[in-house]
Protein chains: 6
Amino acid sequence: MAGFRLGLINPNTSVADTEAMGSLVRAALPADAAVVGLTAPGGHAAVETESEHVTAAAQVLALLRLEPDLDGYLVACFDDPGVHAARELTAAPVVGIGHAAYLSATLVGRRFAVITTLRRGIAALEDGLDAHGLRERCVGVLALERGVRDQGGADAVAPIVALGAHAVEELGADALVLACGAMAATAAAVREELGVPVCDGVAFGALTVHALWRAGLATSKRNAYAWPVG
Amino acid sequence: MAGFRLGLINPNTSVADTEAMGSLVRAALPADAAVVGLTAPGGHAAVETESEHVTAAAQVLALLRLEPDLDGYLVACFDDPGVHAARELTAAPVVGIGHAAYLSATLVGRRFAVITTLRRGIAALEDGLDAHGLRERCVGVLALERGVRDQGGADAVAPIVALGAHAVEELGADALVLACGAMAATAAAVREELGVPVCDGVAFGALTVHALWRAGLATSKRNAYAWPVG
Amino acid sequence: MAGFRLGLINPNTSVADTEAMGSLVRAALPADAAVVGLTAPGGHAAVETESEHVTAAAQVLALLRLEPDLDGYLVACFDDPGVHAARELTAAPVVGIGHAAYLSATLVGRRFAVITTLRRGIAALEDGLDAHGLRERCVGVLALERGVRDQGGADAVAPIVALGAHAVEELGADALVLACGAMAATAAAVREELGVPVCDGVAFGALTVHALWRAGLATSKRNAYAWPVG
Amino acid sequence: MAGFRLGLINPNTSVADTEAMGSLVRAALPADAAVVGLTAPGGHAAVETESEHVTAAAQVLALLRLEPDLDGYLVACFDDPGVHAARELTAAPVVGIGHAAYLSATLVGRRFAVITTLRRGIAALEDGLDAHGLRERCVGVLALERGVRDQGGADAVAPIVALGAHAVEELGADALVLACGAMAATAAAVREELGVPVCDGVAFGALTVHALWRAGLATSKRNAYAWPVG
Amino acid sequence: MAGFRLGLINPNTSVADTEAMGSLVRAALPADAAVVGLTAPGGHAAVETESEHVTAAAQVLALLRLEPDLDGYLVACFDDPGVHAARELTAAPVVGIGHAAYLSATLVGRRFAVITTLRRGIAALEDGLDAHGLRERCVGVLALERGVRDQGGADAVAPIVALGAHAVEELGADALVLACGAMAATAAAVREELGVPVCDGVAFGALTVHALWRAGLATSKRNAYAWPVG
Amino acid sequence: MAGFRLGLINPNTSVADTEAMGSLVRAALPADAAVVGLTAPGGHAAVETESEHVTAAAQVLALLRLEPDLDGYLVACFDDPGVHAARELTAAPVVGIGHAAYLSATLVGRRFAVITTLRRGIAALEDGLDAHGLRERCVGVLALERGVRDQGGADAVAPIVALGAHAVEELGADALVLACGAMAATAAAVREELGVPVCDGVAFGALTVHALWRAGLATSKRNAYAWPVG
């Protein structure tokens with residue numbers, strides 16, 4: 001079986017984000033895997049609001065159409081924009097980092113908290129948890145009130161640690177989910193500080209796409225995700 | 001990073017089952033991974049009823065205690081007996097094949113059907129789907145009325161294909177879940193016949209344990225899964 | 001209070017669709033109301049799949065930005081593409097015809113059935129009902145297996161009547177929801193035949209936008225629907 | 001089409017309440033609409049407890065039977081007493097102000113808080129939200145501990161504003177729902193203070209009845225709301 | 001401890017119904033228990049529709065006020081009309097036969113079916129199951145299309161047996177619930193025929209009131225069921 | 001009808017616990033009832049964690065098999081270990097004290113709080129409430145951080161009273177549930193202090209088994225709880 005080729009779809013316009021996430025993904029996947037980083041040619045530098053998610057979803061589909069023959073795709077924006085739609089356009093597996101982060105959190109903890117950037121996004125995240133049937137597993141969605149572009153750096157660790165400690169000690173979280181691709185760079189440091197699993201969905205998401213591919217599980221082409229006609 | 005060592009916990013007494021599942025797992029994991037098959041020394045040859053699941057759960061804990069230092073564990077009985085309890089006894093990741101099969105089905109399809117052995121088990125499977133928040137994703141739990149010990153052979157494919165075709169064509173399933181470890185041997189043949197993803201949780205479950213390990217995600221030792229004291 | 005000006009946002013490219021829905025809306029609104037029909041300059045002639053909904057959502061935002069100063073907006077595609085996002089971009093009320101159809105069905109019946117075009121769309125409609133908290137009110141989502149472009153004509157009535165009779169007599173529906181803007185033209189004929197309320201969301205949706213405006217209820221600009229910054 | 005005639009059913013005995021709500025309704029409906037105020041001849045001056053709601057429901061049916069030929073009915077008590085039953089007794093649309101307030105809140109905000117009079121009523125309101133499928137949309141039901149008869153006056157605004165500010169700033173509400181018909185008189189003042197939509201269901205409810213009538217949507221007479229026989 | 005005195009509240013006007021249920025209750029309770037049968041002085045001879053339930057609820061409160069000092073109350077109409085309200089008016093325990101029937105069904109089976117009189121009542125029963133959190137436990141609400149006044153006699157057994165056999169053999173019910181007090185007289189015969197538990201709530205409901213009393217569990221007078229003031 | 005014989009199954013190894021609960025049960029049941037106390041011969045002296053619950057479930061089945069011919073069984077550990085499985089092994093009714101406590105709380109209050117020993121057990125209790133469909137009825141699961149072996153004595157009352165007062169006054173609980181069999185001894189004192197119903201499930205659970213037996217309701221032997229074969 002030839003080496004696995006992953007499309008890492010970053011629906012924002014930041015090549016630096018694509019590269020940062022690409023490093024995490026390459027470190028996690030087997031040595032012979034190829035990672036094709038795909039950065040949105042247009043749209044927003046950071047995706048935080050619902051209107052930005054609409055643009056991001058369109059970018060996801062455009063990027064997938066540019067590289068339609070890879071072995072699997074990771075949609076690297078926590079809201080999972082366009083994931084259902086992307087599954088219509090390929091038979092390869094497609095995973096969003098948000099969904100992947102939640103799945104991993106349910107495997108290593110019985111309750112998790114979600115840490116996000118802005119309060120305005122809490123309702124959309126809660127609705128996403130409802131759609132996955134996971135709202136009862138989540139002890140709370142907590143906002144840093146610090147935007148995407150202020151995540152990922154060394155000074156971004158302490159605010160996450162403070163909120164995470166509250167979630168573990170007061171709210172009963174066993175694990176944390178970082179609801180923003182740009183936070184992935186700080187996950188290891190947060191885990192170190194708090195001693196609980198910190199799930200960001202980037203590395204685990206790429207490994208999940210790979211696992212589906214290894215297990216021979218491709219996107220269904222019957223019913224909901226059938227190829228669009230005409 | 002040294003090679004990954006997986007504990008494959010089979011809570012029934014059939015060494016043949018452990019070996020059959022071990023082959024699927026070894027074929028899926030990287031070449032340098034070690035798979036330690038653990039077969040229940042006591043209990044039942046097949047686990048189908050709730051009282052057998054109680055025994056199976058106790059066997060899972062006993063087997064894990066025999067080999068407490070592996071890198072991760074796959075509980076290879078679809079009902080996931082003792083999985084929450086097992087997570088108390090180790091910091092390594094623990095995954096059940098039932099949970100794994102459901103997760104994979106939600107990644108490659110929007111609706112799935114579950115195919116099981118006996119009608120008496122339908123309510124317990126539905127309750128399990130509720131506990132995972134996935135009942136709304138499932139179009140039906142369908143029983144073959146054919147027991148565990150009659151699964152896995154060549155003549156076991158046709159009944160599954162018949163029920164699966166009904167699920168895909170009439171009930172709107174995109175993917176199928178086979179709710180019995182012994183069915184895993186027939187998953188590839190069913191997939192071939194029906195052209196939809198067929199999820200059994202054995203290979204994908206082992207890959208999921210591996211993915212958690214690669215991503216550095218260990219079972220939380222805070223709150224619900226903390227080490228038992230005293 | 002000056003006359004009400006409604007933006008009728010049709011996210012497909014069919015001017016005929018915009019005009020047909022515009023006629024229904026004008027007949028329902030007060031005589032001094034103005035209806036500004038907005039047809040997508042690009043995208044798809046019919047919106048049926050998830051990937052087409054992604055495009056439609058982007059068109060909704062583009063059309064709203066073209067006419068940002070109206071008193072309210074009706075998004076005239078049953079899937080309500082981009083409605084959450086559109087509410088970020090205006091303080092005027094924004095209603096989708098899908099949501100409006102469901103609301104009206106819950107006011108004139110205790111149980112409703114949804115009649116849609118293609119089976120592939122059933123799962124997305126069910127997920128939408130879940131998101132609105134209405135899945136328990138719905139006795140079933142039934143597909144005609146007849147596409148959007150074959151709706152609205154005289155020959156489209158009989159298949160809907162047949163499915164609707166089944167829903168009322170066998171499934172216990174009190175009311176029907178037609179899950180496609182193009183079906184609105186046939187709603188009156190179906191109601192005539194079956195003697196139950198038939199909800200399409202076009203006229204009632206426009207009246208709902210008007211009712212919000214009359215009651216002084218504008219889209220909130222705090223929290224989830226706050227203006228995007230930067 | 002002749003002018004619309006609305007039955008405004010006030011199930012308490014306060015003519016002043018009927019008149020206050022009638023003013024709000026007349027100001028919202030078209031100029032040629034007629035509003036027939038119907039005040040309970042017996043029962044309670046204020047409806048706050050479950051036993052008072054039982055009496056109120058009986059009053060609703062009695063008042064509807066007094067004026068059975070109007071074009072639509074608004075049940076003007078927030079608990080919506082007797083609304084399902086009233087729909088059995090007429091083919092005209094029947095809307096409760098509680099349901100109407102919730103619907104409007106879901107159209108102008110993604111999360112809302114409910115402000116009510118007494119703590120003892122919180123559980124019943126939560127159960128009502130569950131019945132509408134809206135509990136996940138509500139960030140909390142908050143009690144003033146100030147009864148119905150102390151609502152509506154100028155001094156009633158400040159306590160609602162204080163609780164509402166807490167709901168918007170701490171709990172993440174985008175909109176507020178005032179769970180008491182007598183609070184409707186203060187809705188405009190609260191909105192002015194807080195700058196968020198304040199939904200009371202009186203004006204919007206009347207407009208909703210009117211919208212159903214304009215759209216030709218009458219109460220179904222099949223299945224749940226069929227005419228009682230014998 | 002003196003003998004237990006139960007108020008058997010029958011909210012319809014049929015003394016024969018009160019007596020028939022009284023016999024079942026007396027046979028179940030200890031020999032020294034007193035049963036005070038209370039028949040509605042007004043209202044309906046049979047309670048089947050929502051508008052009849054409104055009247056029945058008012059009758060329940062009136063009857064309880066007539067005999068306010070008993071040790072517990074059984075509301076003997078399957079819809080449990082006025083039960084929440086009745087709990088405001090007494091500190092003694094109050095149980096409805098519908099709730100009691102459902103509780104017993106969840107104790108002797110994992111899935112149950114509900115058999116009712118008329119199809120028009122199915123939605124209200126489903127909503128009641130939702131309110132109790134039990135809809136997922138119920139495999140279906142099935143209607144005989146045979147009214148209350150045609151229940152209870154010898155010829156009423158066969159139709160229930162036919163529907164019950166379908167529920168057990170095709171739908172997977174372990175137990176049956178008879179959703180009408182007048183069906184209680186036939187429960188034993190149905191059980192005999194089908195060999196599954198048949199739950200009607202009359203005898204078990206009276207025993208439940210007695211059990212609460214024996215265990216010293218009275219209706220709470222804090223929060224939701226506090227005494228009404230003024 | 002001969003006297004009722006109850007199997008009181010205590011899945012921990014403490015004979016003192018069996019005797020303490022036996023006293024409560026004997027005081028509640030009729031004078032001619034026999035209570036057979038069954039104490040686990042092996043396993044744990046206190047059952048608090050998930051791995052201890054696995055052992056407890058196996059003990060429940062072993063104890064039931066020792067005394068298979070009694071008229072009913074009460075499983076006297078709040079987590080209800082092995083209750084579904086036990087119902088496969090007998091046609092007599094089987095009730096767990098956890099389920100019984102919840103049922104009684106829903107009959108005497110509209111909202112309840114659960115008071116438990118350790119925080120680590122909160123998630124499992126919440127999941128149990130979800131499985132019973134009762135999570136919306138519960139205002140919170142509150143932990144004393146005081147283990148099973150420190151419950152039941154005179155000094156155990158004050159901490160429960162403090163937490164219970166918070167639940168009633170701040171969270172809106174009408175009733176309290178004590179989530180540990182060993183707390184049953186203090187229930188009366190807590191009730192005395194707080195003036196709300198305090199539900200422990202021991203006495204009420206035994207009375208519920210008796211009520212099922214009196215009403216002729218035995219565990220179903222069709223479908224989910226059928227006798228295991230082979």
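In chain A of this predicted model, Lys221(A) lies over the face of Trp227(A), at 4.1 Å from the centre of the ring. A corresponding arrangement can be found in chain E, where the charged end of Lys221(E) sits over the ring of Trp227(E), 4.1 Å from its centre.

A pair of aromatic rings is described by the distance of the centres and the angle of the planes. When the whole structure is searched, 18 aromatic pairs are found over all chains. One of them is formed by Tyr102(C) and Phe112(C), whose centres are 5.8 Å apart and whose planes make an angle of 25°, and this pair is stacked, since planes under 30 degrees apart count as such. The pair links distant parts of the chain, with Tyr102(C) in helix α4 (residues 97-108) of chain C and Phe112(C) in strand β5 (residues 112-116) of chain C, 10 residues apart. Both Tyr102(C) and Phe112(C) are buried.

In chain F, the rings of Phe78(F) and Tyr102(F) have centres 5.4 Å apart, and because their planes stand at 85°, the pair is edge-to-face. Phe78(F) belongs to the loop between β3 (72-75) and α3 (83-88) of chain F, whereas Tyr102(F) belongs to helix α4 (residues 97-108) of chain F, so the pair ties together parts that are 24 residues apart in sequence. Both Phe78(F) and Tyr102(F) are buried. In chain A, ring pairs link Phe78(A), Tyr102(A) and Phe112(A) into a cluster.

The remaining step is to consider how the chains are placed relative to one another. Chain A is superposed on chain B by a rotation of 180° with 0.0 Å of shift along its axis, at an RMSD of 0.0 Å, and the two copies are therefore related as by a two-fold rotation axis. Of the residues of chain A, Gly133(A) comes closest to this rotation axis, its C-alpha lying at 2.0 Å. The same surface serves both copies, in that 100% of the contact residues of chain A recur in chain B.

For chains F and D, a rotation of 120° with 0.0 Å of shift along its axis superposes chain F on chain D, with an RMSD of 0.0 Å, and these two copies are thus related as by a three-fold rotation axis. Within chain F, the C-alpha nearest that axis is the one of Glu136(F), which is 6.3 Å from it.

Key:
Residues are numbered from 1 along each chain as its sequence is written. Chains are lettered from A and ligands numbered from 1 in the order in which they are written. This is a predicted model: local features need pLDDT of at least 70, side-chain atom pairs count only at pLDDT 80 or more; totals for chains, interfaces and linings use all residues. Side-chain values use heavy atoms; hydrogens and water are left out. Rings of Phe, Tyr and Trp (its six-membered ring) pair if their centres lie within 6.5 Å; planes under 30 degrees apart count as stacked, over 60 as edge-to-face and the rest as tilted. Helices (H or I, at least four residues) and strands (E, at least two) are DSSP runs, numbered from the N terminus. Buried means under 20% relative accessible area, exposed over 50%, partly exposed in between (1.4 Å probe, protein chains only). A charge sits over a ring if NZ of Lys or CZ of Arg is within 6 Å of the ring centre and within 35 degrees of the ring normal. Copies are superposed by least squares on the C-alpha atoms of residues with pLDDT of at least 70 in both. Contact means heavy atoms within 4.5 Å.
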